[in-house]
Amino acid sequence: MQKLVTVANPSPLRKQFDYLWPESWPAPRPGERVLVPFGNRRVVGLVTAIRRHSDVDASKLKAVVQRLDDDQPAIGKDLLDLAQWSARYYHHPLGECLQQMLPVLLRRAETPKAATLTAWQLNPEIADLPPLSKRAHQQQALLAAVTEHGQLSKRQIKAMGYTGDILNKLIRGKYLQACTPIPPPPPTADRPLTLNEEQHCAVQAVVGGLGAFNRFLLEGVTGSGKTEVYLQVIAECLQRGDQALVLIPEIGLTPQTLARFERRFPGQVSALHSGLSDSERLNNWQAIRTGERQIVLGTRSAVLSDFARLGVIIVDEEHDPSYKQQDGWHYSARDIAVKRAADWQCPVLLASATPSLDSLYNTQAGRYQHLKLVNRAGQAQAPTLRLLDIRQQTLEQGLSPLVIDQLSDNLRQGNQSLVFLNRRGFAPLLQCHSCGWMADCDACDARMTVHFRRRELRCHHCDARKALPTHCPQCGNTSLIYDGPGTERLELALQQHFPEAPVIRIDRDTTSNKGSMTNLLTDIQQGAPGILVGTQMLAKGHHFPDVTLVAVVDIDGGLFSPDFRAAERCGQLLLQVAGRAGRGDKPGTVLIQTHCPEHPVLLDLVQRGYSEFAQALLGERKLLNLPPCGYMAVMRCDARQLDQAMQFLQQVSHHANGAVPGCDVIGPLPAAMARRAGRYRASIIFQSSQRQRLHQALDLAIAQGERQRRKADLRWSVDVDPLEVF
Ligand code: ADP
Ligand code: ZN
Ligand code: ZN
């Protein structure tokens with residue numbers, strides 16, 4: 001009988017397709033890649049099932065064109081199951097989930113070339129070649145370097161500052177020849193630290209849970225030695241011959257963190273981050289799959305790696321929003337981590353100084369075991385937090401007199417300070433003092449930010465740019481004012497105030513080049529006195545042992561956002577920044593400037609600490625049935641006209657509202673900032689106290705969405721467990 005296969009294609013259709021499988025081919029296997037005709041193209045799809053019958057008439061079925069995986073299928077059973085589960089849970093097309101699991105090079109039909117030889121050595125017959133010109137200084141120097149090292153990889157050569165051109169000249173002249181790179185011998189491993197009592201208990205608990213699905217929440221203040229706990233748990237896991245997965249937030253994967261893991265486990269760590277080339281990614285992927293690499297350290301997408309035998313999963317800074325993918329497949333890497341631990345029957349350790357309300361709720365429900373580290377490791381003391389009432393104070397570029405005094409004292413004592421403001425650029429608003437005109441973005445319902453040094457206005461929502469005007473475009477007056485501070489303005493103000501001290505700004509604008517963060521931080525890490533100023537980039541992953549003073553310029557924005565998670569976010573960010581102070585052996589102080597020193601959220605945080613603050617917020621969520629005490633999903637739509645988006649959602653809502661008892665359908669409502677990058681956005685919210693109900697309502701909504709004729713220019717998507725409602 002004719003063999004048939006079901007294939008998931010990379011397509012936004014929530015549907016799979018049957019194809020004929022040629023008789024003469026070896027038996028099809030689930031998870032293998034195939035080239036199939038799809039519309040008028042050919043695409044790389046994945047076999048998800050093997051069947052004897054199709055609902056489609058056999059005469060209408062097309063045949064698979066080519067098998068693409070000769071040895072094992074590209075996607076193993078475990079990942080295939082995960083993709084199928086994800087497609088149901090996140091209501092996302094299966095083909096697109098599977099695509100994201102595949103390394104880029106395997107998404108194409110051509111077999112990727114084996115990694116090319118990338119090291120270069122001297123041609124043994126160099127003596128027979130005409131000598132290099134004396135004036136070719138660079139070539140001479142590179143040749144000397146290769147002679148000295150025996151061989152050098154292209155990467156090493158680049159790192160030494162030679163251009164590809166210099167290298168190519170030596171290759172063309174046959175002075176150098178390709179060779180197999182010899183990996184550098186692993187350095188000797190760092191020895192584990194002696195654990196303190198709390199760390200010891202945490203390690204014992206997780207190690208005791210190896211070999212079975214056990215969930216832990218490790219709540220440990222910043223600097224309490226969580227990383228040391230991870231390292232010792234991993235050592236035990238490796239002892240048993242299993243692999244470990246460590247997830248790190250997007251900007252938390254610093255060279256510092258990576259180096260710490262590599263020093264402890266030389267040659268065993270596979271780091272997955274955005275800086276890798278496609279072929280490096282593929283190599284890593286394969287090494288993880290065969291079990292050759294034991295430790296995977298990576299950001300969000302590392303949770304989709306294909307493991308040989310996974311023994312433990314660790315999610316560092318589990319509260320971090322970067323674990324949630326914000327476009328396409330809206331998965332949460334933290335939640336998928338827990339799912340994978342269940343599949344592999346291994347423990348998962350979620351850790352943070354400021355755990356998410358979701359995880360705290362799970363500990364209360366008895367699902368997660370709560371481990372705590374309440375003391376800082378070594379000698380460090382917890383920092384003191386103080387609210388500074390800045391009402392009616394004269395601010396100098398956003399800084400109150402007391403903050404300036406303290407910065408000055410701190411410098412005099414040879415210490416470092418950190419000034420935090422989560423807003424980059426020079427000023428968030430450009431306004432005409434004469435007629436009131438404001439610089440708006442043409443494509444968004446938003447103001448443009450002044451970037452003074454570049455003489456530019458930039459929209460932080462769509463990245464539109466304009467030259468900074470010198471006259472008001474409306475009345476021609478030159479009395480333009482820059483309103484409010486940004487990090488660039490603070491940097492300038494601090495430089496003027498403290499001309500003798502280095503002022504280092506860390507934000508997306510100063511660190512966009514590779515390696516620039518490391519360069520900027522070199523002096524600070526060596527302990528030289530100075531002032532750091534920056535956005536939340538400073539709040540994550542970095543260890544600044546000599547920072548003793550943290551000044552928070554403006555936190556009020558976070559207190560008055562309409563988003564139900566805003567207060568939680570604000571508290572987490574504040575404590576993460578505060579945690580940068582006094583991590584070494586000097587005590588730290590945190591000064592928080594605010595216009596609302598009586599705000600209960602701030603008072604809870606400062607006077608009673610994170611746990612109580614979080615409990616109060618959880619109480620509110622419970623009352624309102626909001627996540628994590630209830631379940632939520634959002635359907636978003638965007639179009640060229642607001643009407644189109646609203647009409648589409650109106651019909652969906654009409655269909656889904658009331659159809660499933662116990663699931664509320666709210667909206668459609670336009671987004672708070674309706675227009676972004678020229679498109680109007682609106683959404684419907686689904687809310688229920690039972691997850692099952694939520695899924696049923698979503699199924700109905702999606703079916704209705706798919707039935708509606710797609711206007712060419714309309715896009716919609718579904719987000720389960722959303723971070724934001726718009
Ligand atoms: P966290 O990850 O909780 O922020 P780290 O693991 O980075 O904390 O530890 C903070 C500092 O304390 C590091 O410099 C680390 O080397 C040190 N440390 C951690 N555990 C110990 C220990 N048991 N004894 C001495 N120092 C420790
Ligand atoms: Zn004007
Ligand atoms: Zn814009």
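## Salt bridges

A salt bridge is a side-chain nitrogen of Lys or Arg within 4 Å of a carboxyl oxygen of Asp or Glu. By this rule the count comes to 42 salt bridges. The structure is a predicted model: local features need pLDDT of at least 70, side-chain atom pairs count only at pLDDT 80 or more, and totals for chains, interfaces and linings use all residues. Residues are numbered from 1 along each chain as its sequence is written, and side-chain values use heavy atoms, with hydrogens and water left out.

One salt bridge pairs Asp 306 with Arg 289 (3.1 Å, N to O). This pair links distant parts of the chain, 17 residues apart. Asp 306 sits in the loop between strands E12 (295-298) and E13, and Arg 289 is in helix H9 (residues 278-290). Helices (H or I, at least four residues) and strands (E, at least two) are DSSP runs, numbered from the N terminus. Both Asp 306 and Arg 289 are buried. Buried means under 20% relative accessible area, exposed over 50%, and partly exposed in between (1.4 Å probe, protein chains only).

Arg 691 is in helix H19 (residues 691-707), and Asp 721 is in the segment after E30, 30 residues apart. Arg 691 is partly exposed, at 23%. Asp 721 is buried, at 17%.

Salt bridges that share partners join Glu 318, Arg 334, Asp 335, Asp 358 and Arg 565 into one network. Within it, Asp 335 and Arg 334 meet at 3.1 Å, N to O. Asp 335 counts as partly exposed because its relative accessibility is 24%. Arg 334 is buried, at 12%.

## Helix H6

Helix H6 (residues 197-208) has 12 residues. From first C-alpha to last, H6 reaches 16 Å, close to the 16 Å expected at 1.5 Å a residue. That expected span is 1.5 Å times one less than the number of residues.

Its buried residues are Glu 198, Gln 199, Ala 202, Val 203, Val 206 and Val 207. Seen down the axis, they fall within an arc of 160°, so they line one face of H6. The arc is that of the directions from the helix axis to the C-beta atoms. On the other side of H6, Glu 197 and Gly 208 are exposed.

## Cysteines

The whole structure has 0 disulfides. A disulfide is a pair of cysteine sulfur atoms within 2.5 Å. For Cys 237, the closest cysteine sulfur is in Cys 346, 7.7 Å away, so it is too far for a bond. Cys 237 is buried, at 1%.

Notes. Chains lettered and ligands numbered in written order.
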